[in-house]
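This report goes through a two-chain model, from single residues up to the interface. Please have the sequence and the structure open while reading.

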Amino acid sequence: MAWLFVAPTIALLLAINIFPLVWMIRLSFTSLNLSMSYLPLRFVGLDNFTDILTDEDVWFRLQTTAQFVIWSVALQVVIGYGLALLINRQFRGHSFWTTIILLPMMLSPAVVGNFWTLLLQPQIGPFNYVISLFTGVPPSSFSMTGQVSLAPWTIVLVDTWMWAPYVMLICLAGLRSIPDYIYEAAEVDRASAWRQFWSITLPMTVPFLMLAVLFRAIENFKMFDMVNLLTSGGPGSTTELVSITLKRAAFEKWRTGYSSALAIILFVTVFGAANIYVKALNKVKQR
Amino acid sequence: MTAALAKSTAHSIVEASPRSKAVAGSLVILYAVITILPLLWIVATAFKSQSDAIAYPPKVIFEPTLEGYVNLFTVRTRQTPDFIAKLPPPETWYDKLVRQRDMVIAGPSKVVPRFVNSLIIGFGSTFLAVFLGTLAAYAFSRFRIPLADDLLFFILSTRMMPPVAVAIPIYLMYRQLNLTDTRLGMILLYTAVNVSLAVWLLKGFIDEIPREYEEAALVDGYTRLQALRKVVLPQAVTGIAATAIFCLIFSWNEYAFAVLLTSGEAQTMPPFIPFIIGEGGQDWPAVAAATTLFVVPIVLFTVLLRKHLLRGITFGAVRK
């Protein structure tokens, strides 16, 4: 009986996710190139995998991705947690302003990437003028998306604009889960506000914070849409995240065998990292 | 520090003092205003003329026009002033607006079909995902299913794969099945992505409904399906609605699959918007107009979902 309820979902996932995945694993051992698909399918063993893992460029892309993930998640944690602490003071109208702050994360990342290119245009966009207002640097003297030194920070900036509210929302739930009596007991013991934060607030919100970090890190490791539209990996390949490399190999160079192997490597990485992280998370929760 | 503490103790032990509330409030409002400015800029750009939109330096004050919206919905051709002078007088306000720019409307643009695609694919995949998800979530919540935890993890894990990676085999499979660039293909794909979210969220909602009601209904001779339909569903209605909105938002916003697997027939709004071009590059007022129209439903949904937002973005892991 139970199976009748679950079977349609499992069948759909098998057809749309698992069957293609298995097919992709098979293809990763071939030299299939879709722009030359008239060639007979040739099995090349682990060649694709060794090609990828010994390719310096791929390692550079992975480094770029790691730097993007670390910096964007770190900034989002700092801003998100800070905002959550402030909003938790329950000032008048906090609910309305929270909703406003949440808006960016609900938008389509592709559309966000697209309209930020207008905002960041050196001459016609408002962003450089605002910076110029505060620093005095002429607005057309720098380009946030066109300069090698700035572009990696630009994708971090826009991603943080979009996702700091996500961390905020989860941390806010963590703060609200702390029962009042703990603070009351701390007051009785004359613990300072600083001490209360380090001994009560922070430890009790760590599981929530880690959950937010887990979700954001996985999502940003897979990041494609927003960056593809904002910088499309440029200038040069300074913001070419690994998903963009994958898209180029698979859908521009049509190297299906090679890109299947790369896709599998990425998938295993995400999965492995997530599993290790979840275990760490459970340990923190048990404490 | 001690003074502040003494003050807060006088007020209430755990409630923040009025002064700290005021400081917190002003900082949050400052952040909210800064964060919303980019969106307001885009909404404003939609009402700029082509030259105001790319003015250097950028214009904060400008004369509003509906040109951006007209350009978004039409295809225009440039004509000589002589030719335009010979035409019969313009019939509508937008004809008039276009002719002031020495152009003539040649026909409707593709924006309406793309919008319709977004709606059909969004609602189609949402309906299917919520339907399948409700059945599965009910089973996971009420029956003893062998390996339930593993199955739930499997369902979730399908969502962890990078979309570009998933698109590679899907592209090959859809080519064989003639599903590339079809609405059906996109509906099936989005359903598969959304169903994992739907199962996890709905299981949480159904878990919260006491079993006693259905058990009473079953004793009264209802079948399982009847009990689900007449007892559980009415109580789960808010949860189902919230889940549906989350699925709809995902399909509405999705870009990677759409750009890799559709090119015309089934193309949705996100891959279409960046390629609204005028004479010499992106037609920013039209792009901004499309963005505004595309984002308005999301803003409404965010306000509607406010209470369930946290659950939705954490797959039901955090509930309050």
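In which loop of chain B does Pro57(B) lie? Pro57(B) sits in the loop between α3 (50-53) and α4 (67-73) of chain B.

## Basis of the model

This is a predicted model, in which local features need pLDDT of at least 70 and side-chain atom pairs count only at pLDDT 80 or more, while totals for chains, interfaces and linings use all residues. Residues are numbered from 1 along each chain as its sequence is written, and chains are lettered from A and ligands numbered from 1 in the order in which they are written.

The ipTM is 0.90 and the pTM is 0.90. The pLDDT is the predictor's confidence in each residue, from 0 to 100. Chain B averages 88 on that scale, and 95% of the residues score at least 70. Over residues 1-11 of chain B the pLDDT is below 50, and this stretch has nine contacts in the model beyond near neighbours in sequence. Where pLDDT is low, the predicted coordinates should not be read in detail.

## Chain A

Chain A has 12 helices and zero strands. Helices (H or I, at least four residues) and strands (E, at least two) are DSSP runs, numbered from the N terminus. Along the principal axes, the C-alpha atoms of chain A fill a box of roughly 80 × 65 × 35 Å. Of the 287 residues in chain A, 42% are buried; a residue is buried if 20 or more other C-beta atoms lie within 10 Å of its own, exposed if 12 or fewer, and partly exposed in between, with C-beta atoms placed from the backbone.

The bond joining Gly234(A) and Pro235(A) is a cis peptide bond, with omega about -5 degrees. Ser232(A) is not a glycine, yet has a positive phi of about 40 degrees. Ser232(A) counts as partly exposed because it has 16 C-beta neighbours inside 10 Å.

## Chain B

Chain B contains 17 helices and two strands. Its radius of gyration is 26 Å, well over the 20 Å that the globule rule gives for 320 residues, so chain B is more spread out than a compact globule. The radius is taken over C-alpha atoms, and the rule is 2.2 Å times the number of residues to the power 0.38. The domain assignment, which is automatic or from a database, gives domain 1 (50-109) and domain 2 (112-275 + 296-313). The centres of these two domains, taken over C-alpha atoms, are separated by 41 Å.

The peptide bond from Tyr56(B) to Pro57(B) is cis, with omega near 0 degrees. Asp181(B), in the loop between α9 (163-177) and α10 of chain B, has a positive phi of about 55 degrees although it is not a glycine. Glu208(B) is in the loop between α10 (183-207) and α11 (212-219) of chain B. Glu208(B) is exposed because it has 12 other C-beta atoms within 10 Å.

## Interface

Between the chains, 78 residues of chain A are in contact with 78 residues of chain B, contact being C-beta atoms, placed from the backbone, within 7 Å. Helix α1 (residues 2-27) of chain A gives the most to the side of chain A that touches chain B, with 13 residues. The residues on that side divide into 55 nonpolar, 14 polar and nine charged. Here Ala, Val, Leu, Ile, Met, Phe, Trp, Tyr, Cys and Pro count as nonpolar, Asp, Glu, Lys and Arg as charged, and the others, Gly among them, as polar.

Definitions and conventions: Contact = placed C-beta atoms within 7 Å.
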